[in-house]
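Me: I would like to learn how to read a few local and packing features from a set of coordinates. Could you take them one by one, giving the general idea before the case at hand?

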Amino acid sequence: MTMHCHKPGAALSPILRPGTAELVAGKGPLLIEWVARHGSPVNLIWPDELQRNLAVLTGVLRESGVAHALYYGAKVNKSPGLLAAALCAGAGIDVSSLYELRDARRLGADGTQLVATGPAKTAAFHIELIDCNALISVDSPEELEDLIRLLPAGGGPVQAVLLRLRPTNQARSRFGMPAAAIRHCLSRIAGESRLRFDGLHFHLSGYSWESRAQAVGEAAGLISESRAQGFAPCMIDIGGGLPIQYVDQRAYQVHLDSQMPEDYRTGKVPASFYPYGGGLSAAEWLRCLLRAPMADGRSFANYLVHEGLVLGMEPGRALADQAAISVFRVLRVKAVGPDAHVVFVEGSSFSACETWFGSEFLVDPILVPAISPPVAAKPIRAYLAGHSCLDEDVLCNRWLTFPIAPRAGDLLVYANTGGYQMDLLENEFHRHPMPSRLCVVQDAKGQPTLVPDT
Ligand SMILES: Cc1ncc(COP(=O)(O)O)c(C=O)c1O
């Protein structure tokens, strides 16, 4: 029997794919055995979900007739299984460090499948990118000079670059460059035969397609300027930022509308949240962007087709949708006041990390009791804390009502943690070993079983 722990009247039950729902609701003993074997928390990965997400997005792109290059944003999760799944499904990989690059290459990616983004590429990273002739998104005129210094003196393949635009709607961002700096880089590339300008890139914070449509308008102007100067760009790359729907949209709105400072043990509602219950799926978001009108009235999709441009994109979170859960074992429940408890878990908020950003993972955890609860068990109100000595080590600052008091050995499952939550901040604080990460596959009898995530 599983139970959702929630704010009464304003639950945020996770949207679960059938396989996960079945595992959590019907296979508690198996989950308990897995945690006993691999420790708490255990991060479970479904690489096939990433392939399903990829198929949905490529379906939208094909429908619109737009040529595309989809790169999985490897930063979103450390799982090699997810990387391998992306490559196996024909996607490329967006690498933002030497180590992501090496992982992708170890798993068989060649330069044609790689794009490197990020503002702070080291010389060693540039050298390995040049070595495999990966596409490089250049963040600044300064990076362009560093890159030019590292290009082989002569004879090597021409190095393809994108220039990362900082659209006017992100004027205060430290990422990318304004139009004037793009023009400066173009004049530098014009005099450098070892470089080829392949197009413009941007990645914006926030999750609205409208801000991307605005940026595309600016990119289109620069693309046409560059063509007039004799360049032959072939790509506009819109980065990532496609949304995930973690919880039902209406339930989310009810929750947001009813939030009060007293709902939080801190006495404060966080200032901002990821849009956990947004109105659009990643596919709908992409359709909206492709239909968005350009200044000349053409849709973005028609513009790309008529101008012979490839749409590049690097979704991270959206491709990890439903591809992972994090399972924590309950350590102890402690009373901290009348009708107030803290549930300590084996593990820490570094493995469910939104509170470290002053926010909250607005998805309710699911309680999987280790043994049948007593018939007369009563609900309790509690927040969730990790096993470290840091006051801030809190997985959930919200007061949750647990339908029955959790007991040591029970499990708390956080669903859909693949997109940054589960491993962005994980570490070995207190010398606790790093959480295990395993891939869930089906055995010969169609039952879920674990394999190493290598
Ligand atoms: C340059 C770049 N591209 C892509 C992404 C992926 O974004 P998301 O996971 O929101 O799709 C990021 C995330 O920070 C990024 O910085």
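Me: Where does Pro41 lie?

Reply: Helices (H or I, at least four residues) and strands (E, at least two) are DSSP runs, numbered from the N terminus. On that basis Pro41 lies in the loop between helix 2 (28-38) and strand 2 (42-45). Keep in mind that this is a predicted model, in which local features need pLDDT of at least 70 and side-chain atom pairs count only at pLDDT 80 or more, while totals for chains, interfaces and linings use all residues. Residues are numbered from 1 along each chain as its sequence is written.

Me: How are helix 3 and helix 11 oriented to each other, and at what angle do they pack?

Reply: Axes are lines fitted to C-alpha atoms, for helices over the stretch in contact, and angles run from 0 to 180 degrees between N-to-C directions. Angles under 35 degrees count as roughly parallel, over 145 as roughly antiparallel, 65 to 115 as roughly perpendicular and the rest as oblique. Helix 3 (residues 47-63) and helix 11 (residues 282-291) pack at about 20°, with axes 9 Å apart, which makes helix 3 roughly parallel to helix 11. Their crossing is right-handed, where a crossing is left-handed if the near helix is turned anticlockwise from the far one by less than a right angle, and right-handed if clockwise.

Me: Which residues of helix 3 and helix 11 meet?

Reply: Two residues are in contact if their C-beta atoms, placed from the backbone, lie within 7 Å. Val56, Leu57 and Val60 of helix 3 meet Ala282, Ala283, Leu286 and Arg287 of helix 11. By class, this contact of helix 3 with helix 11 has six nonpolar, no polar and one charged residues, where Ala, Val, Leu, Ile, Met, Phe, Trp, Tyr, Cys and Pro count as nonpolar, Asp, Glu, Lys and Arg as charged, and the others, Gly among them, as polar.

Me: At what angle do helix 6 and helix 7 pack, and which residues are involved?

Reply: Helix 6 (residues 123-132) and helix 7 (residues 141-150) pack at about 60°, with their axes 10 Å apart, and are therefore oblique to each other. Ala123, His126, Ile127 and Ile130 in helix 6 meet Asp146, Leu147 and Leu150 in helix 7, a contact with five nonpolar, one polar and one charged residues.

Me: Which residues come nearest to the ligand?

Reply: A residue is near a molecule or strand if its C-beta atom, placed from the backbone, lies within 6 Å of it. Of the 14 residues around the ligand, Gly73, His203, Gly240, Gly316 and Arg317 come nearest. The shell around the ligand divides into four nonpolar, seven polar and three charged residues.
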